[in-house]
Amino acid sequence: MKMENLIPIPELCILYTVELSFFTNLSEMGLLEIKTIESKEYIDSDAIYEIEKIIRIHKELDVNIAGIDVVLNLLQKIDGLHNELNTLRNRLRLYES
Amino acid sequence: MAFIDYYKILEVDKKATEAEIKKAYRKLARKYHPDLNPNDKEAEKKFKEINEANEVLSHAENRKKYDDYGENWQHAEEFEKSKQQRQYHENGQQGGFSGGGFSGGGDFSDFFESMFGGRASGGGGRRSGQFKGQDFNAELHLELKDVFTTHKRTLTINGKNIRITIPAGVENGQQIKISGMGGEGSSGGPKGDLYLTFTVANHTNFKLDKHNLYSTVDLDLYSALLGGEITADTFDGKVKLTVKPGTQNGTKVKLKGKGFPVYKKEGEFGDLYLTYQIQIPTNLSEKEKELFTELATLRKL
């Protein structure tokens, strides 16, 4: 495993001013994968996008972690519907042109 | 520059209490938050507006100033400018107010800037606590024939030239993420990503449904009757077809693998469906008329 893609959790706690427990809770909820190497905990940098979104929803909208899980699931559902809508729109174009 | 009615934006009364404003703001923020409304420009605009309104109405000092001058804010401008300057001297870098709530991710209106002298909270338009660079959104308009093959293209995004590969078979309306092509991260954070949405226009004689192409082929009456060989257009070339004697109008022919490439599946193609459209001769000569009449009589016998 490449260490360069891993960011130590304590570093993220300082950057985002959140408690360590915040990440543990996310991990318990299955929203985040924590990697432990030599008893130090890390997060893959690919997960940053999702983490920042979670932190924004949590801090800016006062949504707790269970609520965030619900929000993310619904957003995923919307994304799926959006793709389906796009496919159907393209198919409709066949009959409109 | 137009006056902005912040009370209207937050949908509250001019006499609203601090708690009522906070509540109204929270409710609207939950509705229009960009993370809950991805790719929705209207929501993004609304979100900026409610943040600006909150910045003014949730701070007693700002609200008082806004209420005092209201629609006559222009007269206040000069006086306030000098006052602001004095404040800057006193507070060093710190501006008139500190950002409560959260930063809206963009600049405030000209109206706001002229009244309150720009944003005081640092970050230059960045969302609070952002480590990863900003994501960029871009739209790319292509022709259907452009996406038949995988090709490279140079795009200018925020003044920077980037070279990207556009995979064959990209669909109209499809969005792809190009990692690391967004804004710079802060404190050593990863770069943002580029989200590229494709608009694919079709000006060809082919209709596309998923990966299958549809087209019509003109077939002369005689080949339809007697059979023969014709040449038909495929998307990227020509193909020879054997026509069976007695081919009916509207007959469909399926050419396997002559359709559109399948996105991210190299060497995989859809099919091409051709529909024969039999051309009935017009402006018959006397001789032709005579012969067709003879044919008609033969059929009746």
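Me: Leaving aside its neighbours within four places in sequence, which residues is Asp271(B) in contact with?

Reply: In this predicted model, Asp271(B) is in contact with His211(B), Asn212(B), Leu213(B), Lys254(B), Leu255(B), Lys256(B), Gly257(B), Lys258(B) and Gly259(B). Asp271(B) itself lies in the loop between strand S10 (252-255) and strand S11 (272-279) of chain B.

Me: Why is Asp271(B) called buried?

Reply: The relative accessibility of Asp271(B) is 11%. The word buried applies under 20%, and therefore Asp271(B) counts as buried.

Me: What makes Asp271(B) and Lys254(B) a salt bridge?

Reply: A nitrogen and an oxygen of the two side chains are 3.7 Å apart. The rule asks for a side-chain nitrogen of Lys or Arg within 4 Å of a carboxyl oxygen of Asp or Glu, so a Lys and an Asp at this distance qualify. The pair links distant parts of the chain: Lys254(B) is in strand S10, Asp271(B) is in the loop between S10 and S11, and 17 residues separate them. Lys254(B) has a relative accessible area of 45% and is therefore partly exposed.

Me: What lies 2.9 Å from a polar atom of the side chain of Asp271(B)?

Reply: That place is taken by the backbone nitrogen of Gly257(B).

Me: What makes up the interface of chain B and chain A?

Reply: The interface consists of 27 residues of chain B in contact with 24 residues of chain A. The size of an interface is often given as the accessible area lost when the parts come together. Here the two chains bury about 2300 Å² between them, 52% of it on carbon and sulfur atoms.

Me: How many salt bridges does the rule find across the interface of chain B and chain A?

Reply: The rule finds three. One of the salt bridges joins Asp209(B) and Arg91(A), with the closest N and O atoms 2.7 Å apart. This value is within the limit of 4 Å, and therefore the pair counts. Helix H2 (18-32), strand S5 (194-201) and strand S6 (207-209) of chain B each supply at least two residues of the side that touches chain A. Between the two chains the count is eight residue pairs in polar contact.

Me: What makes Tyr222(B), Leu225(B) and Leu226(B) a nonpolar surface patch?

Reply: Residues of such a patch must have over 30% relative accessible area, and their nonpolar side chains are joined within 5 Å. Leu226(B), at 66%, lies above that limit and also counts as exposed. Leu226(B) is in helix H7 (residues 221-226) of chain B. The patch has an area of about 340 Å².

Me: Why is Ala60(B) called exposed?

Reply: Exposed means over 50% relative accessible area, and Ala60(B) has 60%, so the word applies. Ala60(B) is in helix H4 (residues 60-69) of chain B. Glu18(B), 42 residues apart from Ala60(B) in sequence, is 8.6 Å from Ala60(B), C-alpha to C-alpha.

Me: What is noted about phi in Asp62(A) and Lys210(B)?

Reply: Phi of Asp62(A) is positive, about 55 degrees, although Asp62(A) is not a glycine. Asp62(A) is in the loop between helix H3 (48-61) and helix H4 (65-96) of chain A. Lys210(B), also a residue other than glycine, has a positive phi near 60 degrees. Lys210(B) is in the loop between S6 and strand S7 (212-220) of chain B. At 57% relative accessible area Asp62(A) is exposed, while Lys210(B) is partly exposed at 38%.

Technical notes
Residues are numbered from 1 along each chain as its sequence is written. Chains are lettered from A and ligands numbered from 1 in the order in which they are written. This is a predicted model: local features need pLDDT of at least 70, side-chain atom pairs count only at pLDDT 80 or more; totals for chains, interfaces and linings use all residues. Side-chain values use heavy atoms; hydrogens and water are left out. Patches are made of residues with over 30% relative accessible area and no salt bridge: like charges are joined within 9 Å, nonpolar side chains (Val, Leu, Ile, Met, Phe, Trp, Tyr) within 5 Å. Accessible areas come from the Shrake-Rupley method with a 1.4 Å probe; for residues, only the protein chains shown count as cover. Helices (H or I, at least four residues) and strands (E, at least two) are DSSP runs, numbered from the N terminus. Buried means under 20% relative accessible area, exposed over 50%, partly exposed in between (1.4 Å probe, protein chains only). Contact means heavy atoms within 4.5 Å. Buried area is the accessible area (1.4 Å probe) that two parts lose on being put together, summed over both. A polar contact is a pair of N or O atoms within 3.5 Å; within protein, one must be able to donate a hydrogen and the other to accept it, and residues adjacent in sequence count only if both atoms are side-chain atoms.
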